[in-house]
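Reader: I am new to this structure. Please take one part of it and go through that part closely, then say what else is worth looking at.

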Amino acid sequence: MMNQKLLEVKDLKKYYPVTTGLFNRHIGDVKAVDGVSLDAKVGEILGLVGESGCGKSTLGKTILRLEEPTSGEILYKGTDITKLDKKGLRELRKEIQIIFQDPDASLDPRMTVGDSICEPLTIHNVAGEKEQAERVADLMKQVGLEAGQASHYPHEFSGGQKQRIGIARALAINPKFIIADEPVSALDVSIQAQILNLMMDIQEQFCLTYLFIAHDLSVIKHMAHRIAVMYLGKIVELANKQDLFDNPLHPYTEALLSAVPSLKSKGKNRILLHGDVPSPLNPPSGCHFHPRCHRVLPVCSQREPALAEIAPGHFIACHLYNASNI
Amino acid sequence: MEVNNLKTYFFTRSGVVKAVNGVDFKLRRGECLCLVGESGCGKTVTALSILGLIDSPPGQIVDGEVKYNNLDLATCSPRQLRQIRGKEIAIVFQDAQSALNPVLTVGDQIIEQLQIHLSIKQGEARNKAMTLLDEMGIPSVERVMSSYPHQLSGGMKQRAMIAMSLSCDPQILIADEPTTAVDVTIKAQILDIFRELKTKRQMSLLFITHDLGVVAEIGDRAVVIYGGEDVETAPVSEIIGNPKHPYTAGLIECLPDISKATDRLTSIPGATPNPVELPRGCSFHPRCPKAMEICSRQQPPQIIISDGHKVSCYLYQRST
């Protein structure tokens, strides 16, 4: 079952036009997602990691078509999402749900949490009123809340509890695929562990597929089976968790891994990157990473490296691993 | 500097918020002391209290003292405080964007600080500001000097903030979550700057963070804070390798560690307490896996485990 592709993204692009002046002259594009291809198999947790502004959240939203893609294909169970009409989209969203980063902003403060969890059921016309109430109670228990709390408002809950409500709402209509956009980055460490455990349990219980977006490598390592590393709108490395952490090949992945402060890392040799993440409005030529790269080659500023499979299941976009450059 | 039994309360309509409820620690010369805790535990308020930056009303330092050079900062006059603040004790805030003045260039802000505290001329101050920025590893100093904060990236702003706080060669630098708002690769750069500062300038650092990984990187000693109280104080290697308080142990266990594989994270049940109504006795007891009957009745005493390692917990009473 693990080998069946549930979602396949092909050369997806999302550009935001930048305009100026009275006549909105088009002066360029912010290439938030710039030719991303990846796939998620049934029952898999695909981790997506990158720094702020690299386009990981935009990618998540574009897959659900909360943002309209500029070009490319998104195949879900073989159908192209980008070509669906409104009705088709509504059907699709029964299968794909999203959990947002900030539970404060994603829950309506004037709705009781019971109503919030119930809303997807009403929209998709699942079950009658009585069954709906039962379902809400069930869901709340599943995520570790008490059914009696359904009549409370979001402000009466703590951050961790609100995130649980967000998870309950995403689960309401039995989706197959969940996009989790930084679900724990707004939470304290002691609460973070609770939510991660909950998400793992639910995933096993319902055989869900996750696209798990995070900037925290240790969280990603804990959760994901496969990991894609993103830099300035592009995937630079994609591999199994074990391969990626034991043997990171892309210089950016290497630096990212060595930059993580860990309890036992004191005194280890870290690769310090120079400079900041460049603006996606005006990315560097060739490989976007070359101005900060510690293993840069002359070719890097001229040609853009393509994502290539250099070992089974290990994809990388870097000139270092292209035999003709060495 | 020595902080003794510091208590800062906020008197609000919904009750008294006991943000800091008896914190003790000593900051030695040239060391990096970390204050660790989760959001709302009172670590930032502790820092603000030291510098007399608590808004009053509603806030007030109700008890305790902050000893610095034979002076009690908790009770001394605003005028005395003004002379110390920024000059001898400086602070770097978490969010550089809101800590910098958006209508002044970065250069002007650093020069302003220099001229207030050290009576030097404009040109001299300008040169000093440039050297400081250069020391922070900022590539094009001229450009940054004449930039407004919004024109700089997060990492750059944080560096400019650090340069500003260092401008008067402070004895003590308080850093309030300086790496929380920036990306991992930038975080590593900023930590590197702090590490260098400590060794080069022999300065005392009071580093406030929620990230135990950062503590392990940079700290010499650490104070773990929970519910406005210090629950454990020890050298960093002790805190991480041999945590005594159940809360410290829990914090370390619930961290997904990049260097080891685990199937399931151990989590601390429940949520952090509301500082308006702290639980009776030990404020951690409702979440503590090893809670005993006495924990809910009385506040635990401070117990010295070994030299430099003290913990507030009943579990260790018998052994002493």
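Author: The axes of helix α4 (residues 113–123) and helix α5 (residues 129–142) of chain A come within 10 Å and cross at roughly 120°. Helices here are DSSP runs of H or I with at least four residues, strands are E runs of at least two, and both are numbered from the N terminus. Axes are lines fitted to C-alpha atoms, for helices over the stretch in contact, with angles from 0 to 180 degrees between N-to-C directions. α4(A) and α5(A) are therefore oblique to each other (under 35 degrees is roughly parallel, over 145 roughly antiparallel, 65 to 115 roughly perpendicular, the rest oblique). On the α4(A) side the meeting residues are A:G114, A:I117, A:C118 and A:L121, and on the α5(A) side A:Q132, A:R135, A:V136 and A:L139; contact means C-beta atoms, placed from the backbone, within 7 Å. An α-helix has 3.6 residues a turn, so residues three or four places apart point the same way.

This is a predicted model, in which local features need pLDDT of at least 70 and side-chain atom pairs count only at pLDDT 80 or more, whereas totals for chains, interfaces and linings use all residues. Residues are numbered from 1 along each chain as its sequence is written, and chains are lettered from A and ligands numbered from 1 in the order in which they are written.

Chain A also has two loop residues to look at. A:N24, in the loop between β1 (5–20) and β2 (25–41) of chain A, has a phi near 50°, which is positive although the residue is not a glycine. A:N24 counts as exposed because 10 C-beta neighbours lie inside 10 Å (20 or more others within 10 Å is buried, 12 or fewer exposed, anything between partly exposed). A:K77 has a positive phi of about 50° and is not a glycine either; its loop runs between β4 (71–76) and β5 (79–80) of chain A. With 15 such neighbours, A:K77 counts as partly exposed.

In chain B, B:T272 sits in the loop between α11 (246–253) and β11. B:T272 touches A:D188, B:E38, B:G40 and B:C41, leaving out residues up to four places away in sequence. It counts as buried because it has 22 C-beta neighbours inside 10 Å. The C-alpha atoms of B:T272 and B:G40 are 8.0 Å apart, though 232 residues separate them along the chain.

Chain B also holds an open sheet of 8 strands with mixed pairing, in the order β6-β7-β8-β3-β9-β10-β12-β11. Its edge strands, each pairing on one side only, are β6 (89–92) and β11 (302–306) (pairing requires at least two DSSP bridges). Within chain B, β9 (residues 221–226) and β10 (residues 229–235) run antiparallel and are joined by 6 bridges; B:A222 has B:A234 in β10(B) as its bridge partner.

Conventions:
Two residues are in contact if their C-beta atoms, placed from the backbone, lie within 7 Å.
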